[in-house]
Amino acid sequence: MPLILDHISQIYNADTEHPVKALDDVSLVIPEGQFIGVIGHTGSGKSTLMQHLNGLMKPTSGTISYNGQDISDKDFDKKELRKHVGLVFQYPEHQLFETDVFADVCFGPKNIGMSKKETELAAFDALRKVAFPEDLYYASVFELSGGQKRRAAIAGVLAMKPDFLILDEPTAGLDPVGRYEILDMVAKLHKEAGITIILVSHSMEDVAMYVERVVVMDHGRVAFDDTPKEVFSHSEELEEMGLAIPEPMKITKKLIELGIDADPGALTATEAADSIYEALKKTK
Amino acid sequence: MIRDITIGQYYQTESVIHRLDPRVKLLGTLLFIIALFNYKNPLGYVLGIAFLFMVIKLSHVPVKFITKGLKGIVIIMLMTVLINLFLTPGTAALTLGKVTITYEGIATAFTMMLRLMLLIMGSSVVTLTTTPNNLTDGLEKGMGFLRVFKVPVGDVAMMMSIALRFIPILLEETDRIMKAQLARGADFESGNLIKKAKSLVPVLVPLFVSAFRRAGDLAMAMEARCYRGGDGRTKMKPLIYKKRDVIAYLILFSFTIGSIFIGRWHVISDFFYSLYVNYILK
């Protein structure tokens, strides 16, 4: 079932002298099965938007519907929604609280009413999906490394078996190796488990490499909503919003200016390298 | 939900009250509170209310924002009113079976409520118009005389400003953790008291962990910048009295005198009356 956002606005401090428009007339349709990247500068409203998607925040105006039902409705079961739309917050390792990893991962499925057996199976399954080291299943959550904690926290949401998985800056504060491990894992979840992924990030490289659709947020509005190739072709506008296009694209753009016939739409380093190689071969 | 707490919050805007020296505001609150507890007749409260609303008007803080702070003490206020209403001896105004409400009870209950409301509103005005930093600076200077008694005023002021600074950070953190656990299907609202208290464990454990982590980081950062305790530290913006502070002191002074005269008018008039009777008539 798709998630539909219809003209959502969110205003903070409406009753003071300094009202802040965090979201301004946002309309989006999120069909099942997509891998979507949401990018935007700090304070562009991307995190706020994500909290609306599973009913943690109520829009000031506009409606969000899931399964054809308005989620702000009084008799709509928010828990049911959260079962289907999993949200992994920024620095999710800060929410770990149980005595060991396995118990913490069990927290979510237990809350949504799974039986003990189902809960444990779901927890094992989730921990395996995030490639969490097996010998640490019963270690204290405070003994883990940063990357391991993050995996455990993501598993905690994954164990609820959501159809939609929203990840808010899942790579923040990790080293490059850790980043790609997490992103590869997310891409695998999308491909193999068929989960709809919404990846919030401010890193263009992350987004360009993995997603099939990019939503650019700027000052609470949706500035672009298209394929990565199409979105990153608007490099000037993106720069005005404080966003940079991926590094490989910058290089091919410079080379094209110098008269080398590289592909301006090459998103990743490999694609760019190939197109530059082809172009150079042609010039010789 | 947690953002409703206004005590200790700062409301940013431009006004005379905001620019006043914090020492003036602190002494003002103290005098205002003393005045409130001294009023023995209704006229005094009229003066107190008038003074408070004059200050609120000058501070450009919306009244709605100040009264929001009253929400937190509704239960205390109700208890005070009920206890005073039913337990004050005097002339019966209304008898319902075994309980009686007296005229005196109604009067004390009303004044008590008024007093509490003015008290909270008066102190909210100060915290709403003074940044926490300014407030501790004012306290440090104002309490400076305690150094004579070997009280580490500088250290205490530093601890206070850190504590105040952390209130909004920890509130935000609580909000974030609660949301994160809600997203994992946690339920903070339903169930009986024990179940509700238990449901807070997933919030409290991460909150404590993060508070300790932040405290450790802060201590490290302070050490790295060679913090060695309070005494002898100089200020970037030392507190210096300006003309407006002198004027504010004068207004405060006249308010206090006025409060004594109006609030205790019958005592004073009795005193003069007895003087008149005893010395002039005889």
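How many salt bridges are there between chain B and chain A?

## Where the chains meet

The count between chain B and chain A is 2 salt bridges, a salt bridge being a side-chain nitrogen of Lys or Arg within 4 Å of a carboxyl oxygen of Asp or Glu. In one salt bridge, the side chains of A:Lys79 and B:Asp187 come together at 3.9 Å, N to O.

The contact (heavy atoms within 4.5 Å) draws in 25 residues from chain B and 24 residues from chain A. Together the two chains bury about 2100 Å², with 58% of it on carbon and sulfur atoms; buried area here is the accessible area (1.4 Å probe) that two parts lose on being put together, summed over both. B:Lys179, B:Ala183 and B:Arg184 supply 34% of what chain B buries against chain A, more than any other three residues.

## Ground rules

This is a predicted model, where local features need pLDDT of at least 70 and side-chain atom pairs count only at pLDDT 80 or more, while totals for chains, interfaces and linings use all residues. Residues are numbered from 1 along each chain as its sequence is written, chains are lettered from A and ligands numbered from 1 in the order in which they are written, and side-chain values use heavy atoms, with hydrogens and water left out.

## Rings and a charge

Ring pairs (Phe, Tyr and Trp, its six-membered ring, with centres within 6.5 Å; planes under 30 degrees apart are stacked, over 60 edge-to-face, the rest tilted) link A:Phe102, A:Phe124, A:Phe132, A:Tyr137 and A:Tyr138 into a cluster. A:Phe102 and A:Phe124 have ring centres 4.7 Å apart and planes at 45°, so this pair is tilted.
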